[in-house]
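This briefing sets out the main features of one protein model, grouped by topic. Please consult the sequence and the structure alongside the text.

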Amino acid sequence: MAEHRLRIDPAGTPRATIVIVPPLFEEANRTRRTLVLAMRALVANGFAALLPDLPGQNESLVPLVEVDLDRWQDALAEVIAGNDGPAIIASVRGGTLIDHKAKAAAWWRLAPVGGASLLRTLMRARVSADREAGVRSSLEDLQAAARSEALLLAGNALSPAMIAGLGTAEAQPVAPLRSIGIGADGIAGTPLWLRAEPGEDAAMARAIAADIAAWSKSCGIS
């Protein structure tokens with residue numbers, strides 16, 4: 001089943017295709033506008049930019065509850081395999097957990113995070129929501145339930161396989177790789193994934209695009 005792909009191409013032959021792998025779950029919504037701005041900045045610099053939906057994401061007809069990290073990793077690898085010319089994978093936050101199976105020319109990672117950290121955040125949000133609704137729950141209760149049933153976490157129906165995978169997932173070694181954070185020693189900007197609502201940071205988008213372009217050149221991709 002083909003999933004939607006947002007692709008923006010330059011006027012001429014692209015220097016390479018930058019495949020954007022956004023954060024996972026609700027963090028994807030909070031960062032999408034800035035990542036699309038970064039895509040447009042990359043296109044202005046001669047790159048093609050691609051933001052693919054994976055099964056269970058956005059307009060996908062596949063229910064999220066049927067998906068786990070392995071399926072996302074395989075789906076992304078398939079996207080890269082179908083690309084003409086060199087591809088650089090640019091992953092953000094939890095997107096770095098699913099980018100290693102793909103055969104890319106280079107990788108660029110922004111603010112990598114472990115799956116266990118993402119899972120704790122999702123479960124704490126569920127406990128908080130339950131409390132507001134007058135329902136008693138705890139992290140321990142949710143962890144026990146997740147072994148045998150799907151959980152609704154921050155609006156995401158996650159299967160036992162997805163939850164188990166997140167609990168142990170870490171970004172895997174790839175090469176060549178540039179890994180960079182947010183702040184004075186990294187990309188100037190704010191951690192958009194922490195905001196309560198989606199937003200955008202045009203300056204951060206330009207900084208992301210410039211850093212990816214510089215990394216591409218250092219890898220001999222131009």
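Leaving out neighbours up to four places away in sequence, N156 is in contact with F25, E26, L64, L122 and L151. The model in which these contacts occur is predicted.

- N156 belongs to strand β7, which covers residues 156–158.
- The relative accessible area of N156 is 12%, and because the limit for a buried residue is under 20%, N156 counts as buried.
- One of the contact partners of N156 is F25, a residue of the loop between β2 and α1.
- F25 is itself buried, with a relative accessible area of 11%.

**Overall architecture**

- The protein contains 6 helices and 8 strands.
- Their order along the sequence is β-β-α-β-α-β-β-α-α-β-β-α-β-α.
- The C-alpha trace spans about 55 × 35 × 30 Å along its principal axes.
- Buried residues make up 49% of the 222 residues of the protein.
- Among contacts with a separation of 6 or more, 69% are between residues 24 or more positions apart.

**Surface and charge**

- The protein has an accessible surface of about 10500 Å², and carbon and sulfur atoms contribute 51% of that surface.

**Helix α6**

- Helix α6 consists of 17 residues, 202–218.
- From its first C-alpha to its last, α6 reaches 25 Å, close to the 24 Å expected at 1.5 Å a residue.
- The buried residues in α6 are M204, A205, I208, A209, D211, I212, A213, W215 and S216.
- An α-helix has 3.6 residues a turn, so residues three or four places apart point the same way.
- The cover over the buried residues of α6 includes the strands β2 (17–21), β4 (87–92), β5 (106–110) and β8 (177–180), together with helix α1 (26–44).

- M204, a residue of helix α6, is buried, with a relative accessible area of 2%.
- The C-alpha atoms of M204 and L76 are 25 Å apart in space, and the two residues are 128 residues apart in sequence.
- A207 is also found in helix α6, but A207 counts as partly exposed at 24% relative accessibility.
- A207 and G186 are 21 residues apart along the chain, and 9.5 Å separates their C-alpha atoms.

**Local backbone geometry**

- Most residues other than glycine have a negative phi, and most peptide bonds are trans.
- Between A175 and P176 the peptide bond is cis, with omega about -5°.
- P176 is located in the loop between α5 (160–168) and β8.
- F25 has a positive phi, near 60°, although F25 is a residue other than glycine.
- R93 likewise is a residue other than glycine with a positive phi, in this case near 50°.
- The loop between β4 and β5 holds R93, and R93 is buried, with a relative accessible area of 14%.

How values were computed. Residues numbered from 1 in each chain as written. Predicted model: local features only at pLDDT ≥ 70, side-chain atom pairs only at ≥ 80, totals over all residues. Heavy atoms only, no water. Helix = DSSP H or I, 4+ residues; strand = E, 2+ residues; numbered from the N terminus. Buried < 20%, exposed > 50% of the residue type's maximum accessible area, 1.4 Å probe, protein only. Contact = heavy atoms within 4.5 Å. Areas by Shrake-Rupley, 256 points an atom, 1.4 Å probe, with all protein chains shown as cover. Expected span 1.5 Å × (residues − 1).
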